[in-house]
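Before reading on, please bring the sequence and the coordinates up side by side.

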Amino acid sequence: MKKTIRNLFLVVIAVAAAACGRPSRPSTIGTTPEVERRVDRLLAQMTLAEKIGQMNQVSAGGAVSNYAESVRSGQVGSILNEVDPVRINEFQRIAVEESRLGIPLLVGRDVIHGFHTVFPIPLGLAASFDPALVEEGARIAALEATAQGVRWTFSPMLDIARDPRWGRIAEGSGEDTWLDARMGEAMVRGYQGTQWDTTAMAACIKHFVGYGAAEGGRDYNSTFLTERQLRNIYLPPFEAAVKAGALTLMTSFNDNDGVPSTGNKFVVKDILRGEWGFDGLVVTDWNSMGEMISHGYGADRREVALQAVRAGVDMDMMTFGFISHLEELVHSGAVREADIDAAVRNILRVKVLLGLFEHPYVDVAAAGAVQYAPEHLDAARRTAEESAVLLKNDGVLPLDASRVRTILVTGPLADAPHDQLGTWAFDGQKEHTVTPLAALRERFPGRVVYVPGLENSRQKRERFDDVVAAARRADVVLAFLGEEAILSGEAHSLADLNLKGSQSELLAALKAAGKPVVATVMAGRPLTIERDLPNCGALLYAFHPGTMGGPALANLIFGDVVPSGKTPVSFLRTVGQAPLYYNHNMTGRPYQGEMLLDDIGPEAGQTSLGNTSYYLDYGAYPLFPFGYGLSYTSFAYSDLALDKASYARDGVVRASFTLSNTGSREGTEVVQAYVRDLVGSITRPVKELKHFERVSLKPGESRQLTVEIPVADLAFWGADGTKKVEPGDFQLWIAGDSASGEPVSFRVE
Ligand code: GLC
């Protein structure tokens, strides 16, 4: 009975939606017949010029006068890069009270990992494997940004990154599709909230699509992803975020297989709109429309504007292609006004849902109250604590404060308030950053000696006599190393991933001083740190941890908090291994740990080395695999068993196992479940993450747990171009990282 009523309701919705010019399928952004009526009433009043004005977005930070007349004449639908509430209100006043139809502006900003209170960079957020915590942080970012009038963020970035040379690996959730999708959903929910009140900030899922596969890890470069790779690896996080209700999406700079995304009808119109039913707003990346001329895809701005609108783009960020050419393109018949109407509907729909018509202005007096609120800083600290990954520990950690009198703090990231915030922290004010040095000095007054050793992370230095002398006088050495913020993020790809400058030499000198050394690396990417590992007793990896990184790291180092972070990307042994990721194909010659050059003498001859897919000098395993991270305790997995030997395609795989805390401290384990499809109509990855959860156990505690994986989650786009679960043999692992555990087998019939 219930199903009949539901189906009847959907029919009513579909008929009502069709009557309002909306696609007759459930809205992905939660529009209603009332919203659609408002949109259509407004659209009916608009001139063609005013419609095209809504499709124009300008970067208007700093001076209202630059764009006041354009706004007044209805030529601007959105501004970005203005965050001053007074100026935002002035822009809105002109739009609402001085333009003919009074349509409010959509005010956008890159609020990527926090607004004023800066959280760890998104790669660090992913390392927490804690979607609920990430959602909490996104909600805080929305509270702070909307309080100043920003109602649209260009986040989350969902680009899968398998090559750490790419600087924007910092901004995404790493190499895995499942983790990326869960993080994207969490950020969409956090930004947009649960009701369209004035703290709702439209999310923008980006960069659509495949941008992270840039050739050579060189930002903006071409990608060559097949449709199957798109559908099995790169598109699922976007589809998940659309299902989570993301209001907007941004096209990417790259050309994939020769077609720039901003002109790619197949991904925007056919997949995003046609298959997924997305009825939100599609915006270009900054001048990505204009860049199609550089790509050699369009001869001039008129042509690329035509290509973009035909592909299904609604709003033009900073090419001025729509505002300059669409009216003529419509009059010439090259573009139908109905297509303009569809684009403007998508824009107006978002503005109505955000309540901008009812509440276009921000309360300037209240704007500052929420910034850096104590509960925001507390959340940022908790997130930084969960985002840090313990990669090595010979037992030196956690430090016992009662047993270390003098603490030497050193390294270029020990007191770097700007760099600690990481890339894309536009509105994070370094004055609010609490660095490790500040946190340790506050916690241990009179016991911290600070000798930086290097003034910045690229400084070269021959000798470190001052630091070594200080180390000899200390009980423990805390070295904070890594990357300055500028070395990752947009346009900042690297061909050498070793610690820059003389940082490795500094660490070696500290090691030689003979005191316990704890290294903490703050970076925007997984650096190649193999050569540094012998020179420290422990290494904590904190992907630029944000405003509260200092207190978080102090709490981790002294054991107030137990590390639980896991690597969201593979850590390479050398950059020559790139790209290297855990969910690779088996190939016909899978690497099984064959002999390396170092294992044999110079006259070994041909027969001593392996003939499989690997490097003679570095093998084919990473230094640290995806999903890896240590704790101050240890965990054991046992009794893994499945409830059945085979499952129907609509079934659920139930795997039970026992997790034990075999150490002496309470800790939290990120339990991970991986599945391998042994034989498919196309070759399949050696394993794929299909579930993760955080489990806290007391020392000695064991708990029986059950992981449920719907068989439907094993579907993939196969040789026949459809998505389905293929019958056959599968393996399942449940472990603490992607390289551990023994599988159990099952079949799908
Ligand atoms: C940049 C980035 C994009 C950002 C936009 C607006 O070039 O590629 O991620 O949101 O421009 O700043």
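A residue is called buried here when its relative accessible area is under 20%, computed with a 1.4 Å probe on protein chains only. The model is a predicted one, and every value that follows is computed from it.

With that cut-off in hand, consider helix α19, which spans residues 503-512 and in which Gln-503, Ser-504, Leu-506, Leu-507, Ala-509 and Leu-510 are buried. After α19 comes Gly-514, a residue whose phi is positive, with a value near 90°.

Thr-28 counts as buried because its relative accessibility is 16%, a value to be read against the limit of 20%. When residues up to four places away in sequence are set aside, Thr-28 touches Val-242, Gly-245, Trp-276, Gly-277, Phe-278 and Asp-279. With Asp-279 there is also a polar contact, made between the two side chains at 2.9 Å.

On the scale of the whole chain, the division is into domain 1, covering 2-366, and domain 2, covering 635-748. The C-alpha centres of domain 1 and domain 2 are 35 Å apart, and twelve residues of domain 1 are in contact with twelve residues of domain 2.

How much area is buried between domain 1 and domain 2? The figure is about 1100 Å², and carbon and sulfur atoms give 63% of this area. On the side of domain 1, Phe-129, Trp-178 and Arg-228 supply 53% of the area buried against domain 2, which is more than any other three residues supply.

The polar side of this interface can be described pair by pair. One salt bridge is counted between domain 1 and domain 2, and Arg-694 forms a salt bridge with Asp-130, in which the closest N and O atoms are 3.6 Å apart. Two residue pairs are found in polar contact across the interface, both at pLDDT 80 or more. As for the elements involved, α8 (177-192) and α9 (227-234) each supply at least two residues of the side of domain 1 that touches domain 2. Sorted by class, that side of domain 1 has six charged, four nonpolar and two polar residues.

Technical notes: Residues are numbered from 1 along each chain as its sequence is written. This is a predicted model: local features need pLDDT of at least 70, side-chain atom pairs count only at pLDDT 80 or more; totals for chains, interfaces and linings use all residues. Side-chain values use heavy atoms; hydrogens and water are left out. Domain bounds come from an automatic or database domain assignment. Contact means heavy atoms within 4.5 Å. Buried area is the accessible area (1.4 Å probe) that two parts lose on being put together, summed over both. A salt bridge is a side-chain nitrogen of Lys or Arg within 4 Å of a carboxyl oxygen of Asp or Glu. A polar contact is a pair of N or O atoms within 3.5 Å; within protein, one must be able to donate a hydrogen and the other to accept it, and residues adjacent in sequence count only if both atoms are side-chain atoms. Helices (H or I, at least four residues) and strands (E, at least two) are DSSP runs, numbered from the N terminus. Ala, Val, Leu, Ile, Met, Phe, Trp, Tyr, Cys and Pro count as nonpolar, Asp, Glu, Lys and Arg as charged, and the others, Gly among them, as polar. Buried means under 20% relative accessible area, exposed over 50%, partly exposed in between (1.4 Å probe, protein chains only).
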